[in-house]
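Q: Could you take me through the reading of a protein model, beginning with the whole chain and ending with single residues?

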Amino acid sequence: MKKLDVITIGRSSVDLYGAQAGGRLEDMASFNKYIGGSPTNMACGTARLGLKSALITRVGDEHMGRFIREELERHGVDTQGVITDKERLTALVLLGIRDQEQFPLIFYRENCADMALVEDDIDPAFIASAKAVVATGTHLSHPQTEAAVLKALRLARESGSRTALDIDYRPNLWGLSGHGDGENRFIASDKVTEKLQSTLQLFDLIVGTEEEFHIAGGTTDTVEALRNVRKVSGATLVCKRGPMGATAFEGVIPDSLDDGISGPGFPIEVFNVLGAGDGFMSGLLKGWITGEDWVTALTYANACGAFAVSRHGCTPAYPSWEELQFFLKRGVKDKALRKDPELEQIHWSTNRHRLHGGDWSTMRVFAFDHRIQLEQMADAANAGHERIGSFKKLCLDAALAVADGQSGYGILCDSRHGREALYRAAGTGLWIGHPVEWPASRPLTLEPEIGPDFGGLAEWPAEHVVKVLCFYHPHDTDAMKAEQEDVLKRLFAACRRNRLEMLLEVIPSKVGPVDADTTADIIRRFYDIGIYPDWWKLEPMTSAEAWAKACAAISDNDPYTRGIVVLGLDAPEDELATSFAEAARFPLVKGFAVGRTIFAEAARKWLAGELTDEAAIADMVSRFDRLCRIWDTARAEAGLEANENELRGISA
């Protein structure tokens with residue numbers, strides 16, 4: 001049994017994509033940062049489709065190299081073969097979308113890390129652990145990297161693994177044109193053809209565009225080029241034909257490309273061709289490695305290529321397995337796939353867990369995003385409001401002490417008083433919620449820093465979760481509902497635009513009477529108007545019926561939701577224990593986000609000068625830790641009860 005499905009070998013870069021479409025690369029004003037390089041894209045693309053993928057490459061010993069490694073790990077890609085090069089920088093690529101035909105790009109690859117790959121980087125045991133090894137053409141362009149790739153291919157064949165080549169022809173990476181010619185996909189070269197043909201016999205699968213087979217076959221007649229490749233290789237040849245899909249040839253090459261094996265194509269709008277081939281290859285590898293027939297494998301490939309062509313970026317555009325299955329079953333509704341709300345919701349929600357590290361199946365959140373309450377405490381203690389920020393740093397220290405480097409812990413902290421705490425929290429492994437609402441506002445208004453166009457979110461780190469509290473009730477007037485819903489809809493759109501998760505908190509009991517249906521009705525209303533929060537924050541409910549209805553309202557509309565956290569409302573610890581016991585019975589409730597129960601006593605005394613920093617931290621650590629234990633116990637007991645009920649059901 002091989003533990004890995006596929007290992008890809010070769011290029012790994014950071015792609016800086018021009019955020020504006022329709023202009024020259026010279027005029028791009030801002031860029032989005034993604035991982036890139038064909039083997040890296042394919043490793044992530046196949047991982048999204050459920051394969052156990054790995055990558056062999058080199059990255060620099062700097063921020064961009066760490067970014068690539070962390071992104072691979074978030075995608076579930078095995079990074080054992082990713083070598084940190086102490087001497088060279090990670091490769092960069094600048095890319096843009098000029099129009100439907102022009103996609104300028106510049107490769108910054110002079111003496112880059114991935115081109116320093118050597119034979120010693122290839123571990124025989126690691127190669128033997130994979131069902132398939134995939135190489136790309138660029139690493140055949142230099143004797144040193146070619147030797148590493150050839151070693152990997154030889155070891156793969158010796159261990160019974162299959163081998164594949166994505167020709168991935170970039171003329172300027174073979175030294176055939178200048179730095180400004182990165183967009184060029186074909187320059188004839190006898191030298192390149194000879195080099196490629198010397199290796200083609202090592203592959204079981206060879207994939208390329210018509211132009212790429214032209215360079216591999218030494219002629220611009222596609223059928224003749226395929227026949228020339230067939231003379232030196234018995235591999236299955238898959239020729240990508242743009243909007244006409246792709247065709248596979250297992251044996252003799254026929255007179256017409258139309259006589260090969262093909263899968264259905266998908267009529268979509270071409271927005272961005274960059275990375276589409278890697279998306280195609282990811283889908284093809286999914287089918288090939290899992291033993292599907294060629295029609296099915298090509299269907300996967302064409303669909304994955306369609307997703308890539310219709311979205312911004314390379315790896316970010318590729319579908320999850322759930323998304324691909326949904327698309328193949330439902331079909332195309334909007335040829336601009338990125339504008340299909342149903343499809344985009346599945347794309348976001350089935351890939352977002354890649355955005356942040358950690359296991360968030362349990363949520364123990366210390367909420368100290370309070371502004372009004374702490375200002376009132378400071379006023380009562382005759383302390384300046386500037387001291388609130390210092391106290392919030394103590395709250396962070398308490399949260400970090402309880403978390404002790406483990407997943408499943410987080411904070412809620414504002415930037416008005418808690419900006420320094422937020423800065424310090426970055427990269428600590430904590431889940432970070434960041435509020436946007438103006439405290440106690442009804443109708444809902446936002447903190448001034450967010451801006452009238454919500455542009456302030458563009459300044460937020462990707463790891464921050466946008467938290468918004470809305471005092472909403474089903475009995476509100478139509479005018480109140482319309483005003484609050486408008487703010488929430490625009491905020492939701494801004495969160496997605498900035499690739500930020502959103503937590504929506506609702507507290508209807510502060511507005512009017514509640515019953516078992518109140519919260520569920522609110523939840524369904526927000527879904528009906530197109531708001532799909534990643535997280536819900538709900539007040540403790542008074543009955544199992546109310547919890548069941550709220551959970552059903554979420555599950556019916558969003559099966560991929562992150563889940564619910566329970567808020568505290570300054571309740572005493574024993575009351576929270578009772579509410580936790582009720583909430584923990586529902587798997588959709590992941591944990592709690594509690595504040596004043598933890599910090600209120602320490603804040604009053606510290607602001608009044610009655611507690612030292614150390615004593616305040618110790619008090620909050622004790623209270624937070626006890627709540628964590630209460631939640632964990634409640635969850636464990638709820639699980640035991642569920643198991644016992646299941647057993648009773650079976651025996652009955």
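The dialogue below moves from overall dimensions to the sheet, the helices and a few backbone details.

Q: What kind of model is this, and how are residues numbered?

A: This is a predicted model, in which local features need pLDDT of at least 70 and side-chain atom pairs count only at pLDDT 80 or more, while totals for chains, interfaces and linings use all residues. Residues are numbered from 1 along each chain as its sequence is written, and side-chain values use heavy atoms, with hydrogens and water left out.

Q: What share of the residues is buried, and what does the accessible surface come to?

A: A residue is called buried under 20% relative accessible area, exposed over 50% and partly exposed in between, with a 1.4 Å probe and protein chains only. By that rule, buried residues make up 55% of the 652 residues. The accessible surface, from the Shrake-Rupley method with a 1.4 Å probe, comes to about 26100 Å², and 50% of this belongs to carbon and sulfur atoms.

Q: Among contacts between residues at least 6 apart in sequence, what percentage join residues at least 24 apart?

A: Contact means heavy atoms within 4.5 Å. Of the contacts in that class, 73% join residues at least 24 apart in sequence.

Q: How many helices and strands are there, and in what order do strands form the open sheet?

A: Helices (H or I, at least four residues) and strands (E, at least two) are DSSP runs numbered from the N terminus, and the protein has 20 helices and 21 strands. Two strands pair if DSSP finds at least two bridges between them. Nine strands form an open sheet in the order β5-β4-β1-β8-β9-β10-β11-β12-β13, with mixed pairing. Strands β5 and β13 (261–262) stand at the edges, each with a single partner strand, so one side of each is left without a neighbour in the sheet.

Q: Which examples show the parallel and the antiparallel sense?

A: Strand β4 has parallel pairings with β1 (residues 4–9) over four bridges and with β5 (residues 82–85) over four bridges. Ile-7 stands opposite Ala-54 in β4, and Gly-60 stands opposite Asp-85 in β5. Strands β8 (residues 130–136) and β9 also run parallel, joined by five bridges, with Ala-132 opposite Arg-162 in β9.

Q: Is β4 mostly covered or mostly open, and which way do its residues point?

A: Strand β4 (residues 53–60) is mostly covered, eight of its eight residues being buried. Ser-53, Leu-55, Thr-57 and Val-59 point one way, whereas Ala-54, Ile-56, Arg-58 and Gly-60 point the other way, and all are buried.

Q: How many residues of helix α1 are buried, and what follows the helix?

A: In helix α1 (residues 38–48), eleven of its eleven residues are buried, including Asn-41, Met-42 and Arg-48. The helix is followed by Gly-50, whose phi is positive, near 100°.

Q: Where does Met-620 lie, and which residues are in contact with it?

A: Met-620 lies in helix α20 (residues 613–651) and, at 0% relative accessibility, counts as buried. Leaving aside neighbours within four places in sequence, Met-620 is in contact with Phe-366, Phe-391, Leu-394, Cys-395, Ala-398, Ile-598, Phe-599 and Ala-602. Ala-602 is 18 residues from Met-620 in sequence, and their C-alpha atoms are 6.9 Å apart in space. Ile-598, Phe-599 and Ala-602 are among the buried residues of helix α19 (residues 596–607).
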